[in-house]
Every structure is written in C-alpha cells, then in structure tokens.
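I opened the model today and kept notes as I went. These are my entries, in the order in which I looked things up.

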Amino acid sequence: MKRRAAVAALVLLGLVTAVYRVDGRIQVTYDRLLNAGSEPRNWLTYSGGYESHRFSQLSQIHTGNVATLEHKWAYQASVIGKWQSTPLVVDGIMYLTQRMNDVVALDARTGRVFWTYQHRVPADHQACCGANNRGLAIHGNTVYMGTLDARLIAIDAVSGRVRWNVEVVPYKDSGYSITHAPLVVKDKVLVGVGGGELGIRGFLDAYDLETGERRWRLYTIPAPGEPGHETWTDPAGEAWKTGGASIWLTGSYDPALNLTYWGTGNPGPDWNPAQRPGDNLYSDSVIAVDPDTGTMKWHFQFTPGDPYDFDAAQIPVLVDMDWEGKPTRVMLWANRNGFFYVLNRETGRFLRGSPFVKINWASGLDPAGRSIQTPPPDGSAVWPGVQGGTNWYSPSYSPRTGLLYVPAWENYASTIRRQHQEYRAGRHFTGGAWSVVTPVAGAPATGALGRGSINTWTEATGTGAVLALDPRTGETKWRFAMTDVTDSGILTTAGDVLFTGGREGIFQALDARTGKLLWMSRLGSQIVNGPITYEVDGEQYVTTIAGLNLVTFGLRR
Amino acid sequence: MGSTRTPAALYLSLVDPSSAMLPINRPIRLVTAEGEIIRGRRLNEDTYAVLLIDDRERLLSFDKPRLREYEVLTTSTMPAYAGRLTAEELSDLLGYLLSLKEPIQGRAGGTEQ
C-alpha cells in the first residue's frame with residue numbers, strides 16, 4: 001500500500017512537474033529577446049535574433065559529423081499550399097503557424113501537439129499573392145500572429161487561448177493582409193501589411209503587447225505635404241493612394257541605435273510606371289524606424305520608380321565590422337533587383353554595391369548607390385526576372401566566416417507586358433503581366449511560383465544557387481549550384497554547417513567555408529521556408545519544412 | 001498539347017523540331033562510371049540525379065556525380081517534316097494537335113507577398 005501511494009505520489013509529482021515545465025518556463029522577457037544569440041538552444045525570433053543572422057552558436061552538429069544526421073520526427077499539416085513558416089522554439093516547445101492561420105504548439109523533442117489554435121479566415125479575404133503565413137513573434141508567455149484578414153492576434157503560449165484580437169485594417173475589398181511574422185520590440189509588437197498587387201497604401205504599425213492598442217502607424221507612402229511625397233509626380237496627384245509599398249517580411253532591430261529596419265514592397269501598379277511617374281518613395285526601400293515613436297530616421301531606395309516588381313522584401317542583416325579601418329554598423333542586403341548592397345545602418349549611407357547575378361536593367365550604381373537604369377525595351381528579356389536574383393527567402397550571415405549566404409536564382413529572365421489599368425478596390429492592380437523567358441518561343445513555361453513534381457523548366461530557364469558573398473568586396477567566395485531554382489532560406493551554425501533546401505525537395509548540409517556538400521536528404525516536396533536549429537535535453541536538432549511535412553533531424557545515437 | 005502550345009510553336013516543331021524542342025525533351029548522352037554509353041530522353045532532373053527513358057525504352061536513373069560524362073544535346077531525334085508533308089497535310093496535322101486540349105493550371109496574378 002505504501003509503495004502504491006509512493007508510486008501515485010511520484011506520478012502526481014511527475015504530472016505536476018510536467019505542467020510546471022510548460023507553465024513555468026515560457027517567460028520570454030525582452031532581455032531574452034535582446035540576447036537571443038546567447039541561448040542558442042532556442043529560436044526566439046523569426047530570423048533567430050534581432051540582427052537577423054540566421055546563425056546559431058550550436059556546434060554539436062558540425063562538419064565532421066553532419067553526415068550522420070538522421071530523421072527524428074515529423075509533423076504533418078493538413079492544408080495544402082506552400083508552407084513558408086519559420087518555427088519558434090522556446091525551452092523545448094515549438095510554436096509555428098500553418099495554413100490558413102493556425103498556430104500549433106509542439107513538443108520540440110517528439111513533434112507531438114500540445115495545442116492548436118485556429119483563426120477562422122473569412123472566405124472573402126484577399127491574400128494578394130498566396131495565402132501565406134511566415135511565422136510568429138513571442139514575448140512573455142504570449143505568441144503574436146498577423147492574419148490574412150489583416151488582424152493581429154495575441155495567443156496564450158500555454159493554453160492556446162486568445163488574449164486579444166484586433167483589426168489592423170479592414171480587409172474587405174481593401175487588398176490588405178498580413179503574411180509575415182511580427183517583431184516584438186520593448187513593449188510593442190510591430191507588424192506591416194501585404195497587398196502590393198492590390199493597390200494598397202502600405203504601412204507599419206505598433207501595438208501594445210498587453211492590450212493590443214495601436215500606438216503608432218507609419219505609412220510607407222507619404223501623404224501630400226510629407227517628405228518624399230514629391231516623388232509621386234502624376235499630374236492627378238492620385239497615384240500615391242494606391243501605390244503599394246507593402247511590408248511583407250519581418251524587420252530587424254539594432255538596440256544600440258534603437259532603430260528597426262524594414263524592407264518595403266513594389267510600387268503599384270507593378271509593371272506600368274507610366275501611371276505613377278517619379279521615384280515612388282518609399283517603395284522598394286529599406287526604412288529605419290524608431291520603435292518608440294514610429295518616426296522614420298532614414299531611408300534608402302534600391303529601385304527608384306521600379307517597373308520590374310523588385311520588392312525590397314528581404315531580411316535586413318545587421319553586422320558590425322571594420323569598414324575602411326573604422327568599426328562600423330553596417331547592413332547587408334542582397335536585393336531582388338540583383339545588386340548586393342552594404343549600407344551604414346546608422347545613417348543609411350551607401351558603402352558599396354555590385355551585382356551578384358546577371359543584370360541588364362541597370363549598368364551599375366552611382367556613388368550614392370542609386371541604380372543607373374538602362375531599361376530593356378518593353379517585351380524583351382529583363383535579367384534578373386520578376387522573381388528576382390533573390391527574394392524573400394532568408395539569407396544567413398556567419399560571424400565565423402564573415403560571409404553572407406544568399407539563395408539565388410541564376411540564368412533567369414522575364415519579359416514584361418505593360419498596360420494601363422484602372423484601380424478598382426480589391427482587384428489586382430498590376431498594370432500588365434509577365435512571362436518567364438524560355439529558350440523556345442511559344443513553348444509552355446511554368447510560372448515562377450511553382451510546378452509539379454517534374455522539373456519541366458530545366459536548367460535552360462533558370463537555376464538555383466547558394467552564393468557565399470564577401471561583404472567587403474562583393475566577391476562570390478564560393479557557389480553551390482542547384483539544377484532547379486530555390487525558395488529556401490539558409491541557416492548557418494557554429495559547427496560551420498550551412499543548411500538549405502530548394503524546389504527539388506532536397507535538404508542539404510554544406511561546409512560553410514567551402515560550399516562542399518556534406519549531407520543531403522530527399523524530402524519529396526518543395527522546401528520553401530527557412531531551416532532552424534535548437535537543442536532539447538542536450539541534443540541539437542535541425543528542422544525544415546518540405547511540402548506538408550515539418551521534418552526534424554538529429555545526430556545518430 | 002493544344003492548350004499549352006501556340007499554333008506557331010507546334011508548326012515549328014513539325015518543320016524544324018530542333019529549334020522548337022523543349023529543354024526537358026532534349027536528348028541526352030551519358031557515360032556511366034563503368035563506361036556504358038546511354039542515349040535517351042530526359043524525363044526529370046535535379047541537382048543529384050537524372051531520370052530518362054533510353055532508346056531501348058528502359059526507365060533509368062543515374063546519380064550525376066558518378067557519371068563519367070553527361071551531355072544535353074540540342075538536336076532533336078524527330079525528323080523535320082518540312083518537304084515530307086504537303087502544306088495541306090501539315091495543316092491537318094496542326095489542326096489535330098491543337099485539338100488535343102486539357103484544362104491547364106492558371107498562373108497566379110502576382111508574385112509572393
């Protein structure tokens with residue numbers, strides 16, 4: 001009897017311990033977010049830390065043993081469609097989004113589900129360009145998600161219950177949606193809006209973490225009288241109202257400068273600049289924003305008056321390095337337009353830039369970094385094509401190698417047809433159309449956004465690569481070529497291993513110093529998210545998503 | 001076929017197949033590590049593997065890094081029908097090929113956001 005009671009007590013203790021483990025350890029303070037890199041067992045923000053290196057100090061998996069990686073567990077989603085989410089991991093619990101706007105809490109050791117929260121997205125929502133969601137932010141014991149119907153929702157990380165749910169902007173017939181992971185800074189959660197192909201006027205918002213009350217809004221297109229509005233020069237003075245400049249990818253943050261950095265999307269209509277003459281600020285730009293006030297401190301525009309759909313929807317990578325003999329806070333940016341830029345992130349000053357893929361729309365950059373545009377005649381090939389030299393897929397920076405690793409599309413071009421288009425609320429507002437340049441006129445060419453299991457496109461229409469770029473020179477130190485293009489992000493680690501995927505559905509580990517293939521696993525479907533790594537109970541894991549399967553690997557035991 | 005190709009492209013395929021050949025259909029020639037020469041038509045390819053049907057109608061798969069030689073050719077194995085068919089016969093054939101239509105998947109209106 002005594003023994004039975006003791007066992008019962010132990011079982012109860014175990015249960016209590018288990019509950020305590022969940023309840024007591026999910027306390028992600030702002031200080032933890034600031035120092036995310038110092039707790040590499042976790043993955044606390046979309047890009048792994050405010051500086052957005054997608055680099056982990058974990059080194060249990062290294063170049064010498066990565067070949068022994070084996071499958072540990074998988075989790076399968078039930079909604080078909082590209083799964084672009086980057087999970088968060090907090091003390092053994094993985095939080096991720098899945099289509100449409102679900103949040104799932106998993107055991108990061110087994111993949112078993114603690115809870116699922118499902119936000120019902122109205123059937124008449126308008127996800128501009130895919131019903132995507134790329135992830136969450138976390139603070140305290142609350143996770144934050146933006147939704148396709150342009151809401152921001154705070155969810156209890158333990159129970160999965162809603163704490164607050166606010167409308168960011170009315171979604172109906174407006175074109176607005178939210179697809180990126182929010183960014184928590186101090187006592188606010190920052191989120192922008194997508195809809196650049198639907199004639200929105202973009203903005204960035206900040207909300208109170210506790211109440212969901214909006215604290216400020218910064219429009220990415222200035223209104224009449226505001227600085228930058230003079231770059232919208234259409235005689236009617238109307239183009240700015242539907243000029244796009246969405247924000248659909250998570251920003252970065254420099255606590256020392258107290259600046260957040262956000263890339264903005266294309267001006268609208270995408271392909272007909274005749275309807276929106278001028279540089280169209282602040283489209284295709286990086287904007288530096290004070291998180292306390294929403295004040296823009298500086299901007300840098302990559303593609304003024306963009307006629308190619310070259311969104312600057314890339315992750316701002318913040319690096320401290322010597323520049324011309326002085327310690328300098330720089331920002332590395334491999335842009336969709338095909339140029340690799342280095343900027344001073346205190347001032348926005350251009351430091352250097354050079355192409356990393358074939359370019360014919362510009363002959364170079366002037367001393368201030370402005371592109372010297374040489375537009376190809378309408379209907380002829382534009383390099384890089386509409387999908388860009390790179391796009392939203394996360395790059396990675398390894399402080400161990402000093403290299404920026406970029407997922408690139410090479411040998412890829414588009415033709416663009418421009419036409420006048422009247423704005424109609426809630427309708428696509430692109431001002432034309434585009435095609436992939438194929439080597440055979442009139443031949444079927446799969447669109448850039450996907451294809452079936454057979455690579456009918458082949459290397460003749462575009463190929464993928466991981467490029468290791470040296471920020472000091474722009475030189476490509478090494479190049480890992482893939483037969484098919486890639487929409488996968490990149491992860492690097494202190495084990496000098498680089499992980500990435502691609503449309504071929506192959507998850508690969510490369511030597512970050514040389515680009516040599518060390519290991520690969522065929523996962524059977526496109527990898528369109530950014531891999532992460534974390535540690536539970538002393539074991540390092542690496543997670544990626546292929547098709548509907550989230551797959552986690554660890555070393556063979 | 002008729003859904004995804006223009007009449008002009010189909011006509012070109014008949015009269016000058018090499019210039020109209022889709023890259024996926026280009027003939028390949030490879031030499032295995034053992035020295036065997038394989039000729040066939042590419043069915044699928046990724047960074048590490050190539051799948052093909054060879055001239056003996058075998059479905060084959062090869063690891064690309066293990067191949068001694070791998071070559072994608074640009075000359076079609078299909079003969080050109082210019083001069084072999086009359087203009088009327090070509091027109092009839094073109095009409096038949098254009099009638100082979102299946103629903104095709106539409107292209108998205110924009111890029112990602």
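**Entry 1: cis peptide bonds**

I started at Pro269(A), which sits in the loop between strand 16 (259-263) and strand 17 (285-289) of chain A. Keep in mind that this is a predicted model. The bond joining Gly268(A) to Pro269(A) is a cis peptide bond, and its omega is about 0°.

I then went to Pro384(A), in the loop between strand 24 (371-373) and strand 25 (396-398) of chain A. The peptide bond that leads from Trp383(A) into Pro384(A) is cis too, with omega near -10°.

**Entry 2: positive phi**

Ala150(A) belongs to the loop between strand 8 (142-146) and strand 9 (151-156) of chain A. I also checked how covered it is: Ala150(A) has 24 C-beta neighbours inside 10 Å, so it counts as buried, the cut-off being 20 or more.

Asp537(A) also has a positive phi, near 50°, and is likewise a residue other than glycine. I found Asp537(A) in the loop between strand 35 (532-536) and strand 36 (539-546) of chain A. Is Asp537(A) buried or exposed? It counts as exposed, because there are 8 C-beta neighbours inside 10 Å and 12 or fewer is the cut-off.

**Entry 3: a glycine in a loop**

Next I looked up Gly111(A), which lies in the loop between strand 5 (102-107) and strand 6 (113-118) of chain A. Gly111(A) has 17 other C-beta atoms within 10 Å, which puts it between the two cut-offs, so I noted it as partly exposed.

What does Gly111(A) touch, once residues up to four places away in sequence are left out? My list reads Trp73(A), Ala74(A), Tyr75(A), Leu106(A) and Thr552(A). I took one C-alpha distance as well: Gly111(A) and Ile93(A) are 18 residues apart along the chain, and their C-alpha atoms are separated by 9.3 Å.

How many of the residues in strand 26 (residues 403-410) of chain A are buried? I got eight of its eight residues, so this strand is mostly covered. In a regular strand the side chains alternate between the two faces of the sheet, so I sorted the residues by side. On one side I have Leu403(A), Tyr405(A), Pro407(A) and Trp409(A), and on the other Leu404(A), Val406(A), Ala408(A) and Glu410(A). Both faces are covered, with these residues all buried.

Then I looked at the pairing. Strand 25 and strand 26 of chain A pair in the antiparallel sense over three bridges. Ser398(A) stands opposite Leu403(A) of strand 26. The hairpin formed by strand 25 and strand 26 of chain A has four residues between the strands, and in it Gly402(A) takes a positive phi near 70°.

Strand 26 of chain A is also joined to strand 29 (residues 463-469) of chain A, by seven bridges, and these two run antiparallel. Here Glu410(A) has Thr463(A) in strand 29 as its bridge partner.

**Entry 4: nonpolar cores**

Which residues touch the most other members of the largest nonpolar core? They are Tyr95(A), Leu136(A) and Ile138(A), in a core of 151 residues. Strand 26 of chain A turns up again here, giving the largest share of this core, six residues. Apart from that core lies another, of six residues, including Tyr11(B), Leu12(B), Leu14(B) and Met21(B).

I followed up on Leu136(A). Leaving out neighbours within four places in sequence, its contacts include Leu88(A), Tyr95(A), Thr97(A), Val103(A) and Ala181(A).

I finished with chain B, which has three helices and five strands. From the N terminus on, its elements run α-α-β-β-β-β-β-α. The radius of gyration of chain B is 18 Å, well over the 13 Å that the globule rule gives for 113 residues, so chain B is more spread out than a compact globule. Its C-alpha atoms fill a box of roughly 50 × 50 × 20 Å along the principal axes. Of its 113 residues, 19% count as buried.

Where the two chains meet, the contact takes 39 residues from chain A and 21 residues from chain B. On the chain A side I noted 15 nonpolar, 19 polar and five charged residues.

Notes: Residues are numbered from 1 along each chain as its sequence is written. Chains are lettered from A and ligands numbered from 1 in the order in which they are written. This is a predicted model: local features need pLDDT of at least 70, side-chain atom pairs count only at pLDDT 80 or more; totals for chains, interfaces and linings use all residues. Two residues are in contact if their C-beta atoms, placed from the backbone, lie within 7 Å. Two strands pair if DSSP finds at least two bridges between them. The radius of gyration is taken over C-alpha atoms; the globule rule is 2.2 Å times the number of residues to the power 0.38. Ala, Val, Leu, Ile, Met, Phe, Trp, Tyr, Cys and Pro count as nonpolar, Asp, Glu, Lys and Arg as charged, and the others, Gly among them, as polar. A nonpolar core is a set of buried Ala, Val, Leu, Ile, Met, Phe, Trp, Tyr and Cys residues joined through C-beta atoms within 7 Å.
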